[in-house]
Amino acid sequence: MQHNSSARSGNNTNTEPAPVRWLLVATAMLFLTLFLFVPLAAVFSEAFSKGWETYLAALREPDTWSAIKLTVLVAAISVPLNLVFGLVASWAIAKFAFPGKSLLLTLIDLPFSVSPVISGLIYVLLFGLQGWLGPWLQDHDLKIVFAAPGIILATIFVTFPFVARELIPLMESQGREEEEAALTLGASGLQTFFLVTLPNVKWGVLYGVILCNARAMGEFGAVSVVSGHIRGMTNTVPLQVEILYNEYNYAAAFAVASLLALLALVTLVVKSWVEFRMKRQEIQS
Amino acid sequence: MSIQTSKIKLSAVEKHFTSARGERQVAVSPLDLEIQSGEFVCLVGPSGCGKTTLINLMAGFEQPSAGSVTIDGRPVSGPDPDHIMIFQDYGLYPWRTVLGNVLFGLQAKGIPAGEARDRALATLELVGLRHAIDKHPHELSGGMKQRVAIARALAVEPSVLFMDEPFAALDAFTRYHLQDELLRLWQETRPTVVFVTHDLDEAIALGQRIVLMAPNPGRIQRVLEVSLPHPRERTRDDFAFFRRELFTEFHLVHQMALQEAEYSI
């Protein structure tokens, strides 16, 4: 097929004549401009279309402000938990052989392969009023679905592959010599983990945490299902954007959206910096 | 009570692995070996002869399938800072300075910071790296890296040093220098050294005894005493004598070429 053959010849782009190369680069740039840069610019220009005053007022509006606080809270809980989970899971998978290892690997990938809406529904099914644990929870006056705990659970589920997926190949590629050296020098297992394994993968950890955080703050689908959209209570920033937009409050919607866009930009900058550091560490060792 | 004479004792030690297809592979067939305290022993042999498995068994990284490995009369159950392994790829920590690397074992042992620093500096002085303490491993040559690894090991004052082809990645000149330096350090601090190599000249230059190993299955073929005093002059006839012994043992001597050479003298 045509696609295949052009992909194969793409392996020797260096032999392509200059016009072809320029055409390829230009196509890629045009695509990125149309689909990434223009929308991003639009978000900011819409957000500031009625000036700084309106922009700040939109963010200070009580429901929006509570959505921002809830989003920060959700990320502050789910990211550290996923960090611990990611470290434990990747260490176990990379360094030990145990039965069920490939099952664990598959499970870690599950949130990537499942639609976020389904991820949210799982929790409604489990903890909702009609769900398995619903009656028991109601008897004990515990609110999970349509409350912050449900949002946090759904966010943890959606974001748990990020740290683990980043660290597993990194730890596997590192081999055992540095850790064996630590053991032979008398370090305990825990000392070895904190003094050798962790410093070795620190940039990978940071990378995973950044991506995990970006997703935790930006998740819409799963959170939308479990949140219940209670204003000022269970709305996160992405949900608040949708509500404001549906109310034709465009300036406010874009102002709040610009926060998420800003988060994306910061994430990209930190991510590139971390990638640069990781590459440098690779060259050094 | 029996008098403890040997430092390391292997009795009827065997090691086999089961391959992914379920076949049993013999890495080390039953063998006995005794190493005296303060002795310098080289394990030599072609790849697959089990020399690395054997040193891993002694260092506690692997457990024997049968038989026993004891150091100071106690069975080896795992890695121990009293017997330290030095690797071919150094195993240094790239994010720590030279001093930080040497401090590692002392910190793991819980030695107070001040004393640890003094000991680390003294060992770095010993290997001639006092000037490079603030450098990071990536700034060092291969020979200097291995010196750091040796200093890191010696700082913990082990009674046994296991070395698994430590100089194999270095160029010939650096290798000669480090061999001489290792001998000097050994004579000054007198640990028991077990040194794995596939370089026959290296074994003759270093070992008081050379354990020749053969593959399929891994076994000891012969133990050769090298009666030369240290340091050994690599170009002398007595060195060449042991060289020929080893080459003959490993069937590396070309009989035809040898005869021709003898006729022509």
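**Cores first**

I looked up the largest nonpolar core: among its 79 residues, M58(B), I86(B), F162(B), V194(B) and V211(B) touch the most other members. A nonpolar core here is a set of buried Ala, Val, Leu, Ile, Met, Phe, Trp, Tyr and Cys residues joined through C-beta atoms within 7 Å. Helix α4 (residues 142-155) of chain B gives this core its largest share, eight residues. I also noted a second, separate core of 57 residues, with A47(A), I108(A), L167(A) and Y207(A) among them.

This is a predicted model, in which local features need pLDDT of at least 70 and side-chain atom pairs count only at pLDDT 80 or more, while totals for chains, interfaces and linings use all residues. Residues are numbered from 1 along each chain as its sequence is written, and chains are lettered from A and ligands numbered from 1 in the order in which they are written.

**Helix α8, chain A**

Helices are DSSP runs (H or I, at least four residues), numbered from the N terminus. I checked α8 (residues 148-159): twelve residues, reaching 16 Å from first C-alpha to last, close to the 16 Å expected (1.5 Å times one less than its number of residues). Ten of the twelve residues of α8(A) are buried, so the helix is largely enclosed by the rest of the structure. Buried means 20 or more other C-beta atoms within 10 Å of the residue's own, exposed 12 or fewer, with C-beta atoms placed from the backbone.

**L30(A)**

I found L30(A) in helix α2 (residues 18-47) of chain A. L30(A) is exposed because it has 10 other C-beta atoms within 10 Å.

Technical notes:
Helix = DSSP H or I, 4+ residues; strand = E, 2+ residues; numbered from the N terminus.
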